[in-house]
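Let's take a walk through this structure together. Have the sequence and the 3D view open as you read.

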Amino acid sequence: MRIAIASGKGGTGKTTVAVNLAAYLDSQDIDTGFIDCDVEEPNAHFFLKPELGPAKEETLPVPEIITDKCLGESCKKCIEQCRFKSLIWMVSEVLVFAELCHGCGLCELACPADAITEGKRVVGTTSTGKAGDINFATALLKIGEAMSPPLIKAVKKADSKSEVVITDCPPGTSCPVIEAIEGSDFVVLVTEPTPFGLHDLDLAVQLLKILKYKFGVVINRSGMGDNSVEEYLNKNNIPLLGSLPHSRDAASTYSSGDLLWDKIPGFKQEYEKIWNSIIKLTSGAA
Amino acid sequence: MKQIVVISGKGGTGKTSVVSGLASVGPKKVLSDCDVDAADLHLILKPDVLETNDFFSGERPEISADKCTSCGLCAEHCRFDAISDDFQIIPEKCEGCGVCSYVCPADAVSTLPRKCGQWFISDTRFGKMVHAALGIGEENSGKLVTTVRNASAEVAEKEGVELVLVDGSPGVGCPVIASLTNADMALLVAEPTVTAMHDLERVHSLTKHFRLPSMAIINKCGLNPELEETIRKFCTENDVTLAGELPYDRTFTRAQLEKKSIVEYDPDGLGKKIEQIWNSIELKL
Ligand code: SF4
Ligand code: SF4
Ligand code: SF4
Ligand code: SF4
């Protein structure tokens, strides 16, 4: 079973919930995998502290121009066709701006002289390892690189064997999170009980409704704000999976990169409740 | 005209609270919400929208069922799996690359402009504000950020305002790069957690890459004195001037619940601190 942990924006405690849920499952002798799909800011390794193997470079296709074959000035078909302005005419040849290239392959199709072949460029790295018994995978996007979805796709392939695979998604409601969620059996949305939290939760809910995923909500730092998130969930018939109480203890434990589920009173029961709710809500499908 | 961009390595560091606080002090400014993925500033500033504009980016292919012969060439060549088995475009996956229309032998694919969101010019109690809403599941937030940033500069010019305060995008990806372009200063909001420290390093390497002068605010102080010291040291060693520190305090949430800036909610406490922060920023500008 694949469970994606997501949130409309960053900082709601998405990673905290993901790592603690994974650690809780592991403690219940469930064969657990963890994939950090927040490739721009992978943080889960701070908490689960895995032993990682060597980083593997992940690449995207990028065109390479064979200058000898290129018809040059009189052609420029590739440049005309590229929708992402990643090819330009410079002095006397076609130049490729690899960072802008989406790797769609159109230029290669359009070239009448077979002057374009496929090269590779590195977009980031992935690594896998073990955090105790948890199968762990993470990825790191190159700084300044815009194409995170292909890297997310690559790191997601790392674990297909664990019984339950938790994926920590990037924040937001655009393509990286869509890629991270794809193929999940259930999505856990993490929010906090504040106006910001509610606003961003609503965006994430709209996205999941469009994509037609089963989902439920965890309220983090419950008690810090007001009841508007609970009211929203009731009104929209969205299951509340659990509420993690607000505490200064939790905040400072988190700040040092420690797990919370077995340290803060009441947290273990809450993760148990979250997990049981997920089982109940997915059992119809399985 | 000067542009200050407030950024943080990740979301949830209190960036928007800092921006709305800074909006309440100092000289007149134009506010610019470039966190288009999760725009929150409007929740505090409650803008009166004066102008709404549609934002288009890229193309949206459409397959005409009448012309399509179901030959399958488009789906075979689409590298983003954005064409379904019954030859419909899946908009969340489509990158608008144009391969499908190029390969279609039946001329069944037409391309339309893709509406990806909206952006607004508004009035707020702190001055004019430019903000946006990215469509759900849409990409190209980088381009929308650029649109918002350019519009903010235009509004400032028209109004004769000397300062644009930008709520930047989180992360180190394409949106934040777009929010930093043309900036005069980056203000990094850091919190003392293991993960945020790491993100601070990443985002700092980005501002260095752009050769931008940067200052930092440590938020949520008192949570982890050891890490606070690490951040201070990092700032000294990397030429990042510390503009000030803000405590870990429920006042931030209380102000948010009342939809007030922390300066309005707590003028004598956090308000004074924000004023001091503004003074040290002004000195460096
Ligand atoms: S592969 Fe696509 S995006 Fe890349 S250069 Fe060719 S046409 Fe442009
Ligand atoms: S389409 Fe091929 S031949 Fe024409 S300019 Fe491009 S690389 Fe050269
Ligand atoms: S435009 Fe490109 S990504 Fe979109 S459906 Fe056509 S081939 Fe696929
Ligand atoms: S290539 Fe054209 S005709 Fe063939 S399946 Fe696609 S849209 Fe239909």
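In chain B, B:Val194, B:Met197, B:Leu200, B:Glu201 and B:His204 of helix α7 meet B:Leu227, B:Thr230, B:Ile231 and B:Phe234 of helix α8; contact here means heavy atoms within 4.5 Å. Sorted by type, the residues of this contact are six nonpolar, two polar and one charged. For that sorting, Ala, Val, Leu, Ile, Met, Phe, Trp, Tyr, Cys and Pro are nonpolar, Asp, Glu, Lys and Arg are charged, and the others, Gly among them, are polar. Helix α7 covers residues 194–209 and helix α8 residues 225–237, and they pack at an angle of about 10° with axes 10 Å apart. That is why α7(B) and α8(B) are called roughly parallel, a label for angles under 35 degrees.

A word on what you're looking at: this is a predicted model, where local features need pLDDT of at least 70 and side-chain atom pairs count only at pLDDT 80 or more, while totals for chains, interfaces and linings use all residues. Residues are numbered from 1 along each chain as its sequence is written, chains are lettered from A and ligands numbered from 1 in the order in which they are written, and side-chain values use heavy atoms, with hydrogens and water left out.

Now for the inside. The largest nonpolar core has 40 residues, and B:Ile7, B:Trp119, B:Leu180 and B:Leu200 touch the most other members. Such a core is a set of buried Ala, Val, Leu, Ile, Met, Phe, Trp, Tyr and Cys residues joined through side-chain atoms within 4.5 Å. Its largest share, six residues, comes from helix α5 (residues 141–159) of chain B. A second, separate core of 38 residues includes A:Ile5, A:Ile264, A:Tyr271 and A:Ile274. Setting aside neighbours within four places in sequence, B:Leu180 contacts B:Val5, B:Ile7, B:Ala186, B:Leu206, B:Thr207, B:Phe210 and B:Leu212.

Next, a loop. B:Asp35 sits between β2 (30–33) and α2 (41–45) of chain B. Is B:Asp35 buried or exposed? Its relative accessibility is 9%, so B:Asp35 counts as buried; the cut-offs are under 20% for buried, over 50% for exposed and in between for partly exposed (1.4 Å probe, protein chains only). Not counting residues up to four places away in sequence, B:Asp35 touches B:Lys15, B:Asp167, B:Gly168, B:Ser169 and B:Pro170.

Finally, some backbone angles. A:Lys85 isn't a glycine, yet its phi is positive, about 50°. You'll find A:Lys85 in the loop between α3 (77–81) and β5 (87–90) of chain A, and at 65% relative accessibility it counts as exposed.

Terms used
Helix = DSSP H or I, 4+ residues; strand = E, 2+ residues; numbered from the N terminus. Axes fitted to C-alpha atoms, helices over the stretch in contact; angles between N-to-C directions. Parallel < 35°, antiparallel > 145°, perpendicular 65-115°, else oblique.
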